[in-house]
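I am keeping these notes while I look through a protein structure, going from the whole chain to single residues. Each entry records what I looked up and what I found.

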Amino acid sequence: MGLYLNSRKPCALYQSEAAGPYFVDKSSLITKLIPLVEQGKQYVCITRPRRFGKTVMANMIGAFFGKGESSSQIFNRLEIARCKAYGRHINQHDVIYISFNEMPRDCNTYQQYIDRIQNRLMKDLRAAYPDSEIDEGEAVWDVLEEIYEKGDGAKYIFVLDEWDFIFHRDFVTEADKMSYISFLSNLLKDKPYVSLAYMTGILPIAKYSSGSELNMFIEFTMAKSPAFSDYFGFTEEEVDELFHRYEMNCTCPSVTRAGLQEWYNGYHTASGERVYNPRSVVNALHFNHLESYWTSSGPYDEIFYYIEKNVADVRDDLARMVAGQAVDAKVQEYAATSMSLQTKDEIFSAMVVYGFLSYNDGKVNIPNRELMDKFEDMLLKEPSLGYVYRLAKESERMLRATLAGDTSTMLEILEFVHNTEVPLLNYNNETDLTAVVNLIYLSARDTYRVEREDKAGIGYVDFIFYPRRKNETGIILELKVDSTPQEAIRQIKDKKYTLRFQGKIGEEPEYSGKVLGVGIAYDKKLKKHSCQVEVIT
């Protein structure tokens, strides 16, 4: 057992994960890898955003195959135990497990970083093969090949987690990056001692390995490759099961199933399946609270990092996305490796790779409330975003005016919006007016769950604002173009939209406060807004 070779670390970490109350069994992933191991010399690279379970899966693979620690007590109860090849492979392989996100103390050069990795692996090889003549200064790949040739043909499964970590360090130069790619190529490519190389990261390898250095890897990305999609992120069925456990275990549950969907759903696999951010779902259930668990660890985890050098290009599409619309984008994941993002598509590509946007069917959008909160924070803090910033600032005043029935202030804000240069708002139809409403009620999302086109009564209502506290005021908002706000209020009453607040028959109403009907209309000929607020219940 060594630091990298047959380390006990992955087993210990996965055992801790599997013992948790909200553990999800993804061990069937191993059934996809066993045939690759048996074929030999196979290379898999999985790229996903942070917080999508890459390290958990890497630990699982190391714990299952590696000889470092017996792991049958973990896997005997998991799905993989049903596999016919289970007994032939569990703890039967030499595994070299390297977490590339670990650095030496006081590291400020690439050479310090890579020397630590090579020295640790060489130390393991000397301990594991004491009869081998390993000269000081030999390359680690030469030593591994020598052991293979002079011994019994020793083969290894390489599990390499966060392969691209070093690319995010300030001290790493372009020459260092090329040197690092060369290190990986020399270690892995065309080596007889490689049984399987399983590598994870955020960034695809295509850009950095533009030549042949790492072309042996098959890349499986979130946006482009359906294979392996089920193993990263939580599906609807998995979240259903976790929520059931939560209800059984929690003495005073405050998280709802609808809340989990609102906060953490919205990502898409390449096959179009919607998935949840797994880390955030587990934290919400564990801590019994819905909130943003998206923690920042550097500039790559900050939304504004991606747009600050090209605000003008992305500002209008950003407004559309904050307004709830999806935006056309050509996502090329390799563009995320560029540190000088030049075009809108490059910026959106980077934001998809890092998990800030979801990509599906040629469009990008803000996936859920957890990320919407991050975008809202940026909008309220960045004057460089122009009209989007000003609209976000006005949203708090708009909500206060609505709750107070202050139609004069509401009209003032609506006219401000209309007179602001907002390219996406042509006011030709209710869709454009809907986008305006999303922006000018942006701050309402802090205290309301805002839903569009919700089935209510005997029809569909444009917006329902569900208060997050039971006795607060609910809002039903109906939009009209070339009509009147009075007609909008009449529609709210005639179609009994308020029934949506009463819940199912026989159940106690979920909301007990009053409900405001809000009608907002726009006259295209006069280019004027009108509005009315009325208590419905």
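The entries below go from the whole protein to its sheets, and then to a few residues in loops.

**Entry 1: the whole protein**

I note at the start that this is a predicted model, and I read everything that follows with that in mind. I looked up the overall make-up and found 19 helices and 15 strands in the protein. I then looked up the extent of the C-alpha trace, which spans about 90 × 50 × 35 Å along its principal axes.

How many of the residues count as buried? The protein has 537 residues, and 55% of them count as buried.

**Entry 2**

What is the order of the strands in the open sheet of 5 strands? The order is β2-β3-β4-β1-β5, and the pairing is parallel. At the edges I found β2 (94–99) and β5 (218–221), each of which pairs on one side only. The twist from one strand to the next averages 15 degrees.

I then followed β4, which covers residues 194–201 and runs parallel to β3 (residues 156–161), with 5 bridges joining the two. Within this pair, Ile157 stands opposite Leu196 of β4, and Leu160 has Met199 of β4 as its bridge partner. On the β1 side, 6 bridges join β1 to β4, and these two strands also run parallel; here Ile46 stands opposite Thr200 of β4.

Is β4 mostly covered or mostly open? I found β4 mostly covered, since 8 of its 8 residues are buried, where buried means under 20% relative accessible area.

Next I looked up what packs on this sheet and found helix α8 (residues 174–188), which touches β1 (42–47), β3 and β4. The direction of α8 makes about 155 degrees with that of β4.

**Entry 3**

I moved on to an open sheet of 3 strands, in which the order is β8-β10-β9 and the pairing is antiparallel. β8 (327–328) and β9 (358–360) stand at the edges with a single partner strand each, so one side of each has no neighbour in the sheet. Between β8 and β10 (residues 363–365) I noted 2 bridges, with the strands running antiparallel, and in this pair Val327 stands opposite Val364 of β10.

I also looked up β14 (residues 515–523) and β15 (residues 528–535), which pair in the antiparallel sense over 8 bridges. Gly519 stands opposite Gln532 of β15. The hairpin of β14 and β15 has 4 residues between the strands, and Lys527 in this hairpin takes a positive phi near 55 degrees.

Where is His93 found? His93 sits in the loop between α5 (86–89) and β2. His93 counts as buried because its relative accessible area is 16%, and the cut-off for buried is under 20%. Not counting residues up to four places away in sequence, His93 touches Asn6, Val37, Phe65, Gly66, Lys67 and Ile157. Ile157 had already come up in Entry 2, as the residue opposite Leu196.

Is Arg77 buried or exposed? Arg77, in the loop between α4 (72–75) and α5, counts as exposed because its relative accessibility is 53%, and exposed means over 50%. Leaving aside neighbours within four places in sequence, Arg77 is in contact with Ala18 and Ala19. I also looked up Asp25, which is 52 residues from Arg77 along the chain, and found their C-alpha atoms separated by 9.7 Å.

Ser229 is buried, with a relative accessible area of 4%. Apart from neighbours within four places in sequence, Ser229 is in contact with Arg48, Thr269 and Ala270.

Conventions:
Residues numbered from 1 in each chain as written. Predicted model: local features only at pLDDT ≥ 70, side-chain atom pairs only at ≥ 80, totals over all residues. Heavy atoms only, no water. Buried < 20%, exposed > 50% of the residue type's maximum accessible area, 1.4 Å probe, protein only. Pairing = 2+ DSSP bridges. Axes fitted to C-alpha atoms, helices over the stretch in contact; angles between N-to-C directions. Contact = heavy atoms within 4.5 Å.
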